[in-house]
Amino acid sequence: MTMAENSIYGLMAEYDNPDDLLHAAQGAYAAGYRKMDAYSPMPIHDLSESLGYDKHRVPFFVLLGGLLGACAGFGLQYWVSVIEYPLNIGGRPFLSWPMFIPVTFELGILFAAFGAMLSMFILNGLPQHYHPVFNVEAFESASSDGFFLCIEAEDPQFELSETRGFLEGLHATKVVEVES
Amino acid sequence: MASPAPIQEDPTAPAPVLGPGQTYTTITQKISSIITSRTTVGWIVAVALALGLMQCFLLGVTWLLIKGVGIWGLNIPVGWGWAIINFVWWIGIGHAGTLISAILLLMRQDWRNSINRFAEAMTIFAVICAMQFPLFHTGRPWVAAYWLLPYPNSMGVWPQFRSPLIWDVFAVSTYFTVSLLFWYLGLIPDFATLRDKAKKKISRMIYGVLAVGWRGSAKHWHNYEMASLLLAGISTPLVLSVHSIVSFDFSVGLVPGWHATIFPPYFVAGAVFAGFAMVLTLGLPIRAIYGLHDFITDRHLNNMSKVMLATGLVVAYGYGMEQFFAWYSASPYEGYMMQNRMHGPYQFEYWSLILCNVIVPQFLWIKSVRLNPYALFVVSMFINVGMWLERFMIVVTSLHRDYMPSSWDMYHSTLGDWLLYAGTIGIFLLGMFLFIRVMPVINMVEIRLLVPRKGHGKKPDHDASTEVSAE
Amino acid sequence: MSSMTRTAHKDGLELAVIQERLSGKDGQDYWRSLNELADTEEFQEYVHREFPEGASELSDGLGRRKFIQLMGASLAFAGLTACTRQPKELIVPYVRAPELMVPGKPLYFASAISQGGFARGVLVESHMGRPTKIEGNPSHPSNPREGAKFGPTDIFTQATILDLYDPDRTQVPIWNAKPSTWTRFRGSLATEMAKLDLDQGAGLRLLTETVTSPTLAAQIQDLLKKYPKAMWHQYEPNGRDNVRAGAQMAFGEVVETQYDFGKAKRVLSLDSDFTAVGSASVRYAGQFAEGRRIEDGQKNEMNRLYVVESVPSNTGAVADHRLPLKGSQIDGVARAIAQALGINAGGGNTYGHDVWVNALVKDLKAHQGESLVIVGDHQSPSVHALAHAINHTLGNVGKTVKHTAAVEASPVDHQASLNGLVSDMSAGTVSLLVMVGGNPVYNTPSDIDFKNALKKVPTTIHLGQALNETSQLCNWHLPESHALEAWSDARAFDGTVSIVQPLIEPLYSAQSAHEVLAMMLGDGRQGYAIVKEYWQAQRGGATFDNDWQTWLHDGLIPNTALAAKSVRLKGNYGSPVSSLDGLEVAFRLDPTIGDGRYANNGWLQELPKPNTRLTWDNAALLSPATAEKLGVKDDDVIDVAVNGHSVALPVWRMPGLPADTVTVHLGYGRTVAGRVGNGVGVNAYALQTSNALWQAQEASVSKTGQTYKLACTQDHWYMEGRGLVRTGTLEDYTHHPHMIHEMGHVPGEDANFFNGIHTSEEGHAWGMTIDLNACNGCNACTVACQSENNIPVVGKEQVLNGREMHWIRIDRYFKGSLENPELYNQPVPCMQCENAPCEVVCPVGATTHSAEGLNDMAYNRCVGTRYCSNNCPYKVRRFNFLHYSDDHTESLKLGRNPNVTVRGRGVMEKCTYCTQRISAARITAKVGGQELKDGDITTACQGVCPTNAITFGDINDPNSNVSKLKKQNRNYGLITELNTRPRTTYLARLTNPNSEIAQHG
Amino acid sequence: MAQLFSRSSNAFARTSIVLVLILVGTAITILLNTNRLKYTSDVEVAKQQPVPFSHKHHVTGIGLDCRYCHTSVEESSFANIPPVETCMTCHSQIWTESPLLEPIRESYRTDKPIEWVRIHDLPDFVYFDHSIHLSKGVGCQTCHGQVDQMPLMWKANTLNMEWCIECHRAPEKFVRPKEEVFNMTWQAVDDQGHNIQAVLGARLVKEYKINPSTDCSTCHR
């Protein structure tokens, strides 16, 4: 038995609609399971929260990127037109800040966008082409019409037969072992 | 899978955004089948035609690089011609995509879900076409290609940041990058679907790489939704800024007919106007050819028409304001400019512009027109042409008679002008055709959200009853 | 190549070979290719036999003019490249350094350029032995300017520098269309002359154009002495015959008449364009403009000009009262005026302009001794005679008018002279015809068949710089050296003699007229010897060698002007001309390409003609009313028929032309002019007949239904009520000095919403004023600028596309009725705005503002967005839409100014107040440890301007001319309401109308 | 379903992303510095000349002044490359048989000029003037380097625009007393050997009224 426990990644239950998956997730969390994840072909409201994953870190990176970009943009223009090579352009002041706004703004946006994209990738640990859950035959439908809940073996409460029973209790259509 | 029947217009309730009887399974099958099914002859012919058109571009550019911009109808005083007209035209078209994917998302307009994907694709290819012109319209593209970028060079000189053209460089490149990111972000889960649905191993691999191992886990969705929401959030001011900056190319200048404060809003509205026209020009055929009536329903046509009508009215207001200020400013130059537009040598262009952009769109007040694909197609065609004419009026008609009567002259287009314009249309179509073949034209994830869920009564996840702003 | 060389050795040096060698080489090779040429047996032989040893170095110690090797050729061949990796370049230093020359510094040599035989004194700028720019000689009477570095010149003098480098110049003697050598020519000439010795040269005829050169005249006399039966004919198709005949009629002898516009308070021009046409036009234009200069406080009087003319001219444009009349009516008006002044000349007729004429006469009477009447060369002798009578009656002679003996060596009637020659030739009595220049096959009236007469002459020799319609029919065509390549001398309008000295050895194997005559006389002397020895004989003396050097240095021989001559009126004024109704044709020499001799000169072809602004073509000019009556519009081709001849010409409508007049310009339709001039325009000589040379009545016009596109640089006639050219009458101005300022709006400091940079605060601040009261639109500034700044010629197609490149253009506007509008000319260079709109929009900072207020243009930084031009309200920026500058024609490269970058394709260019001259002056001053003084810098346009209309200088220096002028109440800027703060400003144009005429409108 | 990608693919994907970023970075850095590289600017690259003329020998060895050959350097934009005449003033007396000098003698005989390979070659749109720089105390050596140590001539500096501007912005860092401009060995040190350029430069800039401009038209016309 312990052998098996080490050789598997976890147990995966399949559900045939989002709501069952949501209930199952809530149930599992209530039962004290922590190391688990739910899989669905589209975002499901409250699902991640019900799994205890409710922090939003992306906004911070976006803000950071935005500020960085804006400062870089204005800084560059200031340095070029006032410090490095001040030139008399049509009698305008060296620091014609109103004319520096567009570039400042655009660079802010650009960096903010990078912030959003990168943080999404990093927080989701992407790219990650290999993952144990892909070992499950039926998991293919997770990207079209399948709904899955997977409790991982690392979870302290995990006990193969017990957990299997528990999952089946939450109207799973099918429960399979996920080999690691 | 249920073959979708055309929806009957329900006089009381607004038409649904998703045909009845569609399930997660049917949605996936229907949409991915466009890609997985075998290539049709029609598609090959279409691509061939697009390629042919694209040759015009290659020809035009080669000739241009050998001879110089003198092959166009340019002169002093008309230093800008079709190149800049086309640039503004394409950029404008691009805007609808971002508007649909970003602004309507923020407004929780779920009817956008089924059109945003190819609207975004449209944006990407339109901007690619647009970007050709600022580069090739310069006298020396071989240096313009990098001298407009701020980089530490051995000359110790830098770009001149007070020039709207530099603003353009930053605005357009940012716009392109952000649109690309946003588009790709939306594609990742769909790539995952295709990774799992594709038949050949090789295509599974390719889609797999693009899907970067997407598992659709709750955590993925958690960050994914936030990221796309924020991208939408920053794209909104971006899309507004881009066309404002494009309008600065003119309004910062002192040419009568350019130097007007109304330009930014008037250009942005014009962009959306033109953009939606183009979405319809492409959407209607695609819908018919691939039988997507369940996903692009009459509800969509209706709403898009309303958006066009609204923005069209803003544009008309813009024309009115130009007239008003020409009179109110009491500047002889402004006054003459307006007279010259209406009664000068380019009056034909001006009045056909009024016909296309002001008169024809008024038909959209009529519901039956809004719901008739054929009528709608014709109207949007008029608008496509009209918006090109608007840029012609702004660029050429303003320049050819400005301050010094001694320098007044005429502008006549040449073969060189036509080649490049036709060529970019080729590039654009080619891009769209390839896109249709290899990527889901409709965002499957977002369509799935429209499927009614039993647990939550009969309501889809998002509130479908919210009406479009134009109503 | 090698095969060609072989053929070359077989039968003479093929033109093709030489051309092939002289072209298609890159800058450094070019010089070697000349050496290749020198290697050929023919050339060696030529050098050794033609000259005593070392003569090729001009052993007189003027070795500096030796045709030198270029040092750092790249200096001259400056082009635009963006790459920093330089191609391998060679430096080719001198073998023996020429004296005087400091490498890299230009030298100026005084010389003279002749037109129609009359000399203009010039200073020629030479860079490392290459003449690059012609300036006026300020101390020469034909173009004087006190206290200035440079004197003014006209468009032709400016453009002759391009003729020097004309790639179509003949490079070796040509015998029956085959390249030959001078040796062979001397051989055959010797045999010809030997034959002549038998019959005292009965069969010899010499045909020249107008000759004023004392040396040449002396040589011709020697020739005629040696061959008493030989005859010398002259022919040049300008109106000077009438001038001579007029004097003959009035005084019974041919005299030259000079005018002093400086002293004239009232001027009447009878169809005379004295400010732009004629041997003293530059001087006269200057004097006349002086008489109109108004300075607040100092000078508030100006002269008054009445013009009666049949073709709107530069002079007509500056008239206070302009009366457009058919050419045939001017005779009547002249008689009417004469009668009113008590001269017994019948047949007066004012054609309904009594008020005008009476007021004029009254005004003239009131200004006896300080008025003058001048007549256009092409007007009939009797009108000239009448004018003489009027001037005498008004007591102007000795005051504003002066008569001298004729300046020409032999003042014959050219038409008669030619007719005599042609009849002799047809009669077969001519065995040897030697033509020194000229092109009678082309430029003679249609009823004179020179071509066929030429066939009857056994041996014909033509000396000319390039092949033309005549020389290609001659047995021998000899390459003539250019005025900048040869020694000679010539007289100015007043007789003053200038020595013509070469600045460069002949580019090709060419000889001067002197040298060819020497050959005929059988003496082997070269030009230098011929001219110097002639003057030694004339003014020899102990100090001769010093004198000679002085003459060369000063550019003229002192006290050679002709003395005043007293003449008596004969009272003969010919018979009145009856002006018939219906169309009449007025013939004129083309204002830019003359009688056709400048047809191959790109600068002059592309130069917009005064008033019409047409380029590259001649047209049938009609008044709008006449055009309407005939039912034709611009570009319609019509058949113009008169005296049994007809030509098809495109129509161009010209406000201000008298009704029922078709104006046609001669000089176009050349067939053998060269790559530029061939087949351009229509040959109007075919319409001209010798009995009606300048105006032909009873003409008829018929539509052909075809159209032909004419390239005009300014299609729009009116100012659209914009205060661009501001004018007023002297009277109003003196009463309301601020009237000019009130015609526009200048925003104050508060107009800036930002606190900008002001370039004018310290150091130098360059500025310019252009006096519209002086400018007559002569175009000299445009050509001078083109020459100074390496501005390319773009061709008719590009002009049609609106892409002409002139940095300073003359804008022309009409005001008032189409029948008799006011004509305004306005030179427009870059305004050098302090708040330059162009600079703000350049994305790469290629155009920026210098500390001294110049609107700099860094061509090598420009990427060519053309945004700056769009944003320039004055449209003074020019763009290289295609590759306009000629990189292939080697000879043209030699003429370029090495201190100005040659712009490549895709680059914007514009006037920068000749920034290269500013830098040069600044550096010279700094190195010498001095400050720049007012007048140290002369811009090309300023230096050349005959009327001194353009003033340039430091506006921070309160004592500089330009700052003084900017303080004038007439001073205003263009479109200042845009707050561009232009540094170039204008002085409003004032007129001095005669109230009696003004009232009657 | 079977795994599409192997276990290693994750590590592979992530590292390759990092690698690409690094690669692009280096590529750009190299690109940006192309014009500063010796290869492109020919700095310190001696070139073959028709006659192996040695500045080292003529300046250090014989002690010729620069102006003996470069005659116009003080009065003209162009420093002047000496005519063969100049060489012959001495070489008609000494080394008259030397085969190395045959090209010189040949040129003198045949009047065919010698074609030297250009070392200091500014782009054609740059207008540099020697006279003004000398008269303001810019030494030959400041731009041309230790010419007295060069057997065959080479370029001591890139002559890039950034290099020109460096001095035009801060002349005090480079100027020297006028009388020292032709001195190849001059150094801005006092008797103790301390560098006094800062002090000296500041003084000379005031004294010579040096105010070099960085306006475009200063060098480009």
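A residue is called buried when its relative accessible area is under 20%, and exposed when that area is over 50%. The structure discussed here is a predicted model. In it, Glu390(B) has a relative accessible area of 1%, so this residue counts as buried by the 20% limit. Glu390(B) lies in helix α14 of chain B, which spans residues 373-399, and, leaving aside residues up to four places away in sequence, it touches Tyr266(B), Val315(B), Tyr319(B), Leu353(B) and Asn357(B).

Two residues of other chains fall on the opposite side of the scale. Arg109(D), placed in helix α6 (residues 102-110) of chain D, is exposed because its relative accessibility of 56% is over the 50% limit. The side chain of Arg109(D) is joined to that of Glu102(D) by a polar contact of 2.8 Å. Cys71(A) is likewise exposed, with a relative accessible area of 53%. As for Cys143(D), this residue is in no disulfide, and the nearest cysteine sulfur, which belongs to Cys167(D), is 7.0 Å away. Over all chains, the count of disulfides comes to zero.

The relative accessible areas are set side by side here.

| Residue | Relative accessible area | Class |
|---|---|---|
| Glu390(B) | 1% | buried |
| Cys71(A) | 53% | exposed |
| Arg109(D) | 56% | exposed |

The interface between chain C and chain B involves 54 residues of chain C in contact with 56 residues of chain B. Between them the two chains bury about 4,300 Å², of which 57% is on carbon and sulfur atoms. Of the area that chain C buries against chain B, 17% is supplied by Arg722(C), Tyr867(C) and Arg905(C), more than by any other three residues.

Which side chains meet in a salt bridge? Across this interface the rule finds one salt bridge, and the side chains of Asp402(B) and Lys875(C) meet in a salt bridge with an N to O distance of 2.7 Å. Polar contacts between chain C and chain B amount to 34 residue pairs, counted where both residues are at pLDDT 80 or more. On the side of chain C that touches chain B, the elements giving two or more residues are β31 (809-815), α24 (837-841), α25 (867-870) and β35 (878-879) of chain C, and α24(C) gives the most, with four residues. Sorted by class, that side of chain C has 26 nonpolar, 14 polar and 14 charged residues.

Conventions
Residues are numbered from 1 along each chain as its sequence is written. Chains are lettered from A and ligands numbered from 1 in the order in which they are written. This is a predicted model: local features need pLDDT of at least 70, side-chain atom pairs count only at pLDDT 80 or more; totals for chains, interfaces and linings use all residues. Side-chain values use heavy atoms; hydrogens and water are left out. A disulfide is a pair of cysteine sulfur atoms within 2.5 Å. Buried means under 20% relative accessible area, exposed over 50%, partly exposed in between (1.4 Å probe, protein chains only). Contact means heavy atoms within 4.5 Å. Buried area is the accessible area (1.4 Å probe) that two parts lose on being put together, summed over both. A salt bridge is a side-chain nitrogen of Lys or Arg within 4 Å of a carboxyl oxygen of Asp or Glu. A polar contact is a pair of N or O atoms within 3.5 Å; within protein, one must be able to donate a hydrogen and the other to accept it, and residues adjacent in sequence count only if both atoms are side-chain atoms. Ala, Val, Leu, Ile, Met, Phe, Trp, Tyr, Cys and Pro count as nonpolar, Asp, Glu, Lys and Arg as charged, and the others, Gly among them, as polar.
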